[in-house]
Amino acid sequence: MYPKTTRQKRFSYLFLPVMLCFLALGFSGCGAQDDKDGKTERTPENYTQNVEDEKQNTPNNSGGVQSNSARAGEQKLDKFTAIEVHAQAPDIRLIKGDGYSVRYQLHSREKLSKLEVQNGVLYLETIMDSQWAPDEAVHEIVITVPSRAKLERVDLNTVGGKVSLSDFKIPTLNLSSASDDIDIKNVESESMVLHSTADDISVMDCTAKTLRADSTSDDIVLSGTFGDVQAETASGTCKLNGKVTGKVQMNTVSGNIVLNAPIESLTAESYRGVTVDGVSKGNVFSFGSGTPQANLKSVTGTITVQTKK
């Protein structure tokens with residue numbers, strides 16, 4: 001038998017290696033938990049940053065190479081004659097430049113989910129990758145085409161941004177924003193469809209054979225030369241200034257209606273009264289039977305019509 005002092009020393013010598021082994025195994029297990037298959041496990045705290053740091057550097061369907069993050073980037077594109085954009089937060093602008101390209105800067109919780117040119121159509125889509133949070137930075141998608149490019153159809157939709165373009169000839173134009181302005185200038189089109197849920201629609205110096213515009217709670221202002229026009233807003237004002245060749249239908253619940261265009265026939269109704277060429281006509285008024293003709297109705301707003309230039 002070993003003396004007591006010797007037994008205590010032998011126990012200490014055996015205990016120390018065993019503890020070191022346990023510590024080594026513990027740290028190894030932690031590393032495996034945090035780095036499965038060589039990848040750091042995502043947590044709610046680092047998820048947004050992980051997405052921000054992910055970079056793409058692979059060929060895409062448009063024939064170019066994409067080397068941008070999911071939230072911001074700039075890319076040259078193959079030629080296209082149609083555009084379809086469905087975005088969450090950013091403004092959308094269509095401009096003229098040296099070639100076909102796109103530049104985007106998205107919301108901190110938004111990322112690019114699709115960007116490609118297929119069969120002459122540019123497809124661009126974004127999604128929210130986590131719960132919405134305020135972000136005061138500038139968010140935009142800017143699509144550039146050559147100055148002589150021919151676009152047959154443009155469909156731009158955003159939930160939280162503004163949609164704008166100017167100096168284009170586009171046969172079919174569809175623009176939509178859930179919470180900001182629609183703003184177009186000097187655009188020629190066969191068919192325009194414009195929708196804003198909570199802000200203004202402005203059409204300046206444009207030409208369209210058919211135009212349909214609706215806003216839930218703000219103004220619609222139109223100027224130019226139009227065939228058939230349909231404009232509706234719940235609480236905003238409807239204004240049209242220029243020339244019409246077909247039928248004009250303008251309705252609003254609590255806003256005013258202003259029509260300044262030569263017309264052959266008119267039907268107008270408003271609880272607040274109708275004024276034609278500076279003369280009050282009461283609450284309901286009509287004249288003529290030819291074309292161009294206007295049918296105007298406001299519940300609690302005024303109607304003002306100027307038929308002579």
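Helices (H or I, at least four residues) and strands (E, at least two) are DSSP runs, numbered from the N terminus. On that basis the secondary structure of this protein comes to two helices and 26 strands, and threonine 233 has its place in strand E17, residues 220–233. This is a predicted model, in which local features need pLDDT of at least 70 and side-chain atom pairs count only at pLDDT 80 or more, while totals for chains, interfaces and linings use all residues. Residues are numbered from 1 along each chain as its sequence is written, and side-chain values use heavy atoms, with hydrogens and water left out.

**The protein as a whole**

- Of the 309 residues in the protein, 38% are buried, a word that stands for under 20% relative accessible area, with exposed meaning over 50% and partly exposed in between (1.4 Å probe, protein chains only).
- Among the contacts (heavy atoms within 4.5 Å) with a separation of 6 or more, 43% come from residues 24 or more positions apart.
- The protein exposes about 16800 Å², and carbon and sulfur atoms supply 51% of it.

**Aromatic pairs**

- The structure holds two aromatic pairs, where rings of Phe, Tyr and Trp (its six-membered ring) pair if their centres lie within 6.5 Å, and planes under 30 degrees apart count as stacked, over 60 as edge-to-face and the rest as tilted.
- Phenylalanine 80 and tyrosine 100 form an edge-to-face pair, 5.0 Å centre to centre with 70° between the planes.
- Because phenylalanine 80 lies in the loop between strand E5 (72–76) and strand E6 (82–87), and tyrosine 100 in the loop between strand E7 (91–97) and strand E8 (101–105), the pair ties together parts that are 20 residues apart in sequence.
- Phenylalanine 80 is buried, with a relative accessible area of 1%, and tyrosine 100 is buried at 15%.
- The rings of phenylalanine 285 and phenylalanine 287 have centres 6.0 Å apart and planes at 50°, so this pair is tilted.
- Phenylalanine 285 is buried, with a relative accessible area of 18%, whereas phenylalanine 287 is partly exposed at 28%.

**Lysines over rings**

- Lysine 96 lies over the face of phenylalanine 168, at 5.1 Å from the ring centre, where a charge sits over a ring if NZ of Lys or CZ of Arg is within 6 Å of the ring centre and within 35 degrees of the ring normal.
- Lysine 114 lies over the face of tyrosine 123, at 4.8 Å from the ring centre.

**Threonine 233**

- Threonine 233 is buried, with a relative accessible area of 5%.
- A polar atom of the threonine 233 side chain lies 2.7 Å from the backbone oxygen of aspartate 218.
- Not counting residues up to four places away in sequence, threonine 233 touches residues including Ser215, Asp218, Cys238 and Asn251.

How values were computed:
A polar contact is a pair of N or O atoms within 3.5 Å; within protein, one must be able to donate a hydrogen and the other to accept it, and residues adjacent in sequence count only if both atoms are side-chain atoms. Accessible areas come from the Shrake-Rupley method with a 1.4 Å probe; for residues, only the protein chains shown count as cover.
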